[in-house]
Amino acid sequence: MTALRLRKGSRGKEPPLGAEFQSQQSNCCSDHHPEKILHGDWSWGVIIWTSVGWSVSVGLGLLCCIYMATLHENDLWFSNIKEVEREISFRTECGLYYSYYKQMLQAPSIQEGLSDLIHDNLTESKRTINLLQRMNIYQEVFLSVLYRLLPIQSYLEPVYFYIYTVFSLQAVYVIALYLTAWLLSGSWLAGTLTGVWYILNRVDTTRVEFTISLRENWSMPFLALQVAAITCYLRPQLTDLQQKVMVWLMYVTTFCFCLTWQFNQFILLVQALIIYSLDCLDFITTTQVTTLYLVQVSSLLSVWLLQFCNSMILGSLVLSFIVAALFIRHCQSGLKTGSPLVRLGRLFLHSAMVLLLTVTINYLAKKALQLRSDEHIFKFIKSKFALGSTRDFDASLYLCEEAFGLLPFDTLERLAGTLLLYPYILTLLVLSGTLAVAALHNLSRVKGGAAEERKGAVEGRAGALRPDVAYNLLHTLFYGLLAFSTMRMKYIWTGHMCAVAAYGVCGKELWTLLLSTLRCNSKVLLRLVRYAVPLLVIACLYYKFWPKLMEELSELREFYDPDTVELMTWISTKTPKRAVFAGSMQLLAGIKLCTGRVLTNHPHYEDKDLRERTKQVYQVYARRSPEEVYDIMKAMGADYVVLENSICYERRHRRGCRLRDLLDLANGHIMDGDGENDQDLVPATHPRFCEEVKTDAVSYTALFTRTFQNKTFHVYRVKKKRKKITKSSPEPSASQQQDQAL
């Protein structure tokens, strides 16, 4: 299979474009592609070689699955720790999502469990919410139902069924990347190299072993499967039946991806921009463009229905963009006709119209739906790219987290250490140059007639760069830019990066170019190099990293967090089952999982009212009077407040990014410590609540009673009614004298 065919201007006569494309078509399936059998080649050599390729893909997938599961076990000694410790190991939002799996299993029946999720009053106090509408937790529902139905309860604990499923999806992820590299290069050695690189670069390709329940760990395997399906769909010589099968595969994988991650709309927006770019540069046909757009739309609308008409999906940018792109494309005839300069001008005008219509549709949709669920994301983007400073609390929470900063340089150093970065950059440079040449050639072609009647001409223009290769090139470029701008998004990029680099090492195109430059190009030498180099790379990686992997697998650790275990045990045994707890988002997710108590707020941040609730709860770490904090807690129905020393006396972040600093800025107060402050900030009139409440001053004990404390946590019960404080209270402290509310 050929991905590039560079025209040789210096030697011999250049073949006509049609002849070149015919040559490409004849060589398209000359290698051992996974779909070659579908084209009717049932020779024993093809069957055996293809079977070996599929077997290696499954083997690498299982190896990755076992590797991740072993690391998780060795890091926590998961099989030996207590149940409460296992649940605490599901940190932050992971604990929240896993709690719904646990809740479904504890329900008397599946129907009652679903009803409790649809009419939930435990996740947010004084509110009844539909969790299936608000959150992407259908995977927890599906697994809980499956666990109930399968006869495995006697020998497999529910927690293991859950984590083994997530680790198994890592096997699916590796197989999908393997298939993408195999389809692009024509050699399953490329898939093998992809799987090896994915495993060796585990630190940068996945974080599943310590964040099992994160939505991305569920969704990324389906995104990789979708990319493999798109790659196959854009390949030449597919029959109508095969194209229909690929379209259904694209729909199913896109649907699963959207269903399992709330940020699906932003990832699909980038993919829609890739499709739009391929359309503008004339690399794919009108039918293919429309099909890919409709797959995205139908998947999103299917999820919209399953999530009880979630307005965040209808108000997404990607839906607005696709509607705008299809409408403008339909109305603007003759877009791809005329001289190169005329076509280029029309493309700029076309893009400007699409952008303007996208913004208009999205604005009107959000106004009509009264949608404000995702506004914090746009505030974050605006501030991140210096489009305006902000003191917005929600946006600042993202800006101050390292995961949402720029990609650190040491990431590239690690990728270079596994020999991944160098072939990737070389492949990227060559393909980008070829893409530019092919795009200029496409723009310079004189055209006439309807686009639908010129499918053959479109395919001929793509002879220099196959559509599937062009798509994967733009995929890695666009998501690479996203990864560099936001470190957390690197996991979308690095896995596909392995496939692109392996394609460069094992594909014909780069080696043909290199050997032609050295004037020693021959079929025998090309085949020798294509098989010898990847084997040599794999041998080098084995020699360098196998001892390190064995050493890593031999390291045994144990979960140890006695303070949190003590807190959860106390809450479970000493507080009412319907007690309402206030605190940090991360801790409350664990309280929900370990104790089943009611929460005031939680880490699933895609709701305007919840974000406001969280900001109000966090006033316990701000400079507020005890009366103000008491009123906030009573308004939310909180019975207990959990204060964490790690937040109250935080040192992990720099000044200006500590949680107490963000609250001070949002409240218009001067921040703690040495350093500059904005001129409009004023000194606070009250001491910091989380510090002063521990002094047991009368103004605080009248409203809050300490009920639990250890080295990490302090729990205070919110009194039912305010106690009246007499003027004869003995020897008030300096902080009490500052409390003007008394």
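**Surface, salt bridges and a cavity**

Me: What share of the accessible surface of the protein chain belongs to carbon and sulfur atoms?
Reply: The accessible surface of the protein chain comes to about 32,100 Å², as given by the Shrake-Rupley method with a 1.4 Å probe, where for residues only the protein chains shown count as cover. The model is predicted, so that local features need pLDDT of at least 70 and side-chain atom pairs count only at pLDDT 80 or more, while totals for chains, interfaces and linings use all residues. Residues are numbered from 1 along each chain as its sequence is written, and side-chain values use heavy atoms, with hydrogens and water left out. The share of this surface that belongs to carbon and sulfur atoms is 63%.

Me: What percentage of the residues in the protein chain is buried?
Reply: A residue is buried under 20% relative accessible area, exposed over 50% and partly exposed in between, using a 1.4 Å probe and protein chains only. Among the 742 residues of the protein chain, the buried part is 57%.

Me: Is Arg86, the salt-bridge partner of Glu83, buried or exposed?
Reply: A salt bridge (a side-chain nitrogen of Lys or Arg within 4 Å of a carboxyl oxygen of Asp or Glu) joins the side chains of Glu83 and Arg86 at 3.7 Å, N to O. Both residues lie in helix 3 (residues 83-88), three residues apart, which is about one turn of the helix; helices (H or I, at least four residues) and strands (E, at least two) are DSSP runs numbered from the N terminus. Glu83 counts as partly exposed because its relative accessibility is 38%. Because Arg86 has a relative accessibility of 5%, it counts as buried.

Me: How many residues apart in sequence are the parts tied together by Arg127 and Asp609?
Reply: The closest N and O atoms of the salt bridge between Arg127 and Asp609 are 3.8 Å apart. Since Arg127 lies in the loop between helix 5 (110-118) and helix 6 (131-134), and Asp609 in helix 29 (residues 608-617), the distance along the sequence between the parts they tie together is 482 residues.

Me: Which helix supplies the largest share of the lining of the largest cavity?
Reply: On a 1 Å grid over the protein atoms alone, a cavity is a set of points where a 1.4 Å probe fits but cannot get out, and lining residues have an atom within 4 Å of a point. Grid points are joined across faces, edges and corners, with volume being the space filled by probe spheres set on the points, and the largest cavity holds about 80 Å³. At least two lining residues each come from helix 8 (158-185), helix 11 (215-233) and helix 24 (490-506). The largest share, four residues, comes from helix 11.

Me: Which residues is Ile328 in contact with, leaving aside its neighbours within four places in sequence?
Reply: Ile328 is found in helix 16 (residues 317-331), and it is buried because its relative accessible area is 6%. With contact meaning heavy atoms within 4.5 Å, and with neighbours within four places in sequence left aside, the partners of Ile328 are His350, Met353, Val354 and Leu357.

Terms used. On a 1 Å grid over the protein atoms alone, a cavity is a set of points where a 1.4 Å probe fits but cannot get out, and a pocket is an open set with protein on both sides within 12 Å along at least five of seven lines; lining residues have an atom within 4 Å of a point.
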